[in-house]
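Thanks for asking me to look this one over. Here are my notes, in numbered points, to read beside the model.

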Amino acid sequence: MMLNDTTFDYLYEFYGNSAKWFAIYTLIASLFVITSNTFLVTLTLITPSLRKNAANWFLVGFSLSDLLHCMAQLVSGYAMLNGSINDRYWCTVAGMFVVSTGTCSFGFPALIAAERYYKISAVSQSTALSIGRAMFAERTTLPLIVGWYFLSVTLNLPLMLNDAFGEDPGGFCGAKKFTSVRLLLSYEFSVMLVFVGSLIITAIYYYRLVKWLKSHATIRNSKESVDYTTGVMRVTKIVTLLPLFTVTPVAILSAGQMILPVTPMWINRLLVTPYFLSSAANSWLTIGLIRQYRVRFLQLVSSAKKTVPKTLYGLNNRSITVRRI
């Protein structure tokens, strides 16, 4: 297929000099996010008290979405490092998963905030009928998470079916530089609507939680639930505000590409380098701000500190024995 001059110039820049350093950065950042989120998921699975709390599965789902997203970004980094104008296959493959998993990650803060609101509000309104509480009941936790993953992929079907994945103005494999208004609108709906909608819904339920906690500050029989909710609120507040600074440049470059002036690819890539910071921070925010996770993490650290001196002591004794022999 023949490429027009505009497309050729764009692809030449995409696979140009800046692709190498940005690919290395993408690979390193993705590996860090994958390692961090794998640790959080494993920590939950091996700890009975964390597994039993159904609400924690929304946090696990969030970690899994970030993990899968950065696994796709690993392929994206490989595609930029080894691809070319004549070898764009891996960028297209990465683009499909980058966009759909990104959409999935955007939705989880809203799910987490809504789940907490309906769960804690049930403390004083256990007899009231609520569609929200029925939707976020313990037995529906996993189906709701799986359903959201399925919906995220479904939302991107128009892009998939029209081969609208691949290189993008943000500088990494995510969505091709759109030349069709129809496909750009599809992208706006599938990605931007979820991104903006999630921010709005998260804010609504966050302020509902704040209002509820203030009006029930004297409750004593739900101290553990209130403590957990406070930790979740701190996490959702940060994971909602942080993407406003880290993801917005990517969103603007991709969603406004038809009206924005053309800028060099290396500038675009500098603008989108903070993109990974949000995913890199999410798992550690959960461990640091939610008491259940923090206590379990500190237990593991304490256990490791006790094990290391014993190991060193054993190695030292072996060394002394060998010298005597």
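1. A polar contact here is a pair of N or O atoms within 3.5 Å; within protein, one must be able to donate a hydrogen and the other to accept it, and residues adjacent in sequence count only if both atoms are side-chain atoms. At the start of α9, have a look at Ser180: a side-chain oxygen of this residue comes to within 3.3 Å of the backbone nitrogen of Arg182. Helices (H or I, at least four residues) and strands (E, at least two) are DSSP runs, numbered from the N terminus.

2. Some ground rules before going further. This is a predicted model, in which local features need pLDDT of at least 70 and side-chain atom pairs count only at pLDDT 80 or more, while totals for chains, interfaces and linings use all residues. Residues are numbered from 1 along each chain as its sequence is written, and side-chain values use heavy atoms, with hydrogens and water left out.

3. Staying with α9, the helix has 35 residues and spans 49 Å from its first C-alpha to its last, close to the expected 51 Å (1.5 Å times one less than the number of residues). There is a bend of about 35° at Met192, taken as the angle between axes fitted to the seven residues ending there and the seven starting there.

4. How many salt bridges does the model have? The count is 4, where a salt bridge is a side-chain nitrogen of Lys or Arg within 4 Å of a carboxyl oxygen of Asp or Glu. One of them joins Arg88 to Glu167 (3.0 Å, N to O). That pair links distant parts of the chain, 79 residues apart: Arg88 is in the loop between α4 (56-82) and α5 (89-121), and Glu167 in the loop between α8 (157-161) and α9 (181-215). Glu167 is buried at 2% relative accessibility, whereas Arg88 is partly exposed at 23%; buried means under 20% relative accessible area, exposed over 50%, partly exposed in between (1.4 Å probe, protein chains only).

5. Glu115, Arg116 and Lys119 form a salt-bridge network. Glu115 pairs with Arg116 at 3.3 Å and with Lys119 at 3.2 Å. Lys119 and Glu115 both sit in α5, 4 residues apart, about one turn of the helix. Glu115 is buried at 3%, and Lys119 is partly exposed at 26%.

6. The unreviewed UniProt entry annotates transmembrane regions, among them 93-114 and 142-161; such annotations may be inferred rather than shown by experiment, feature names are shortened, and positions are in the numbering used here. Residues 93-114 are 100% helix, with end C-alpha atoms 33 Å apart. Residues 142-161 are 95% helix, with 29 Å between the end C-alpha atoms.
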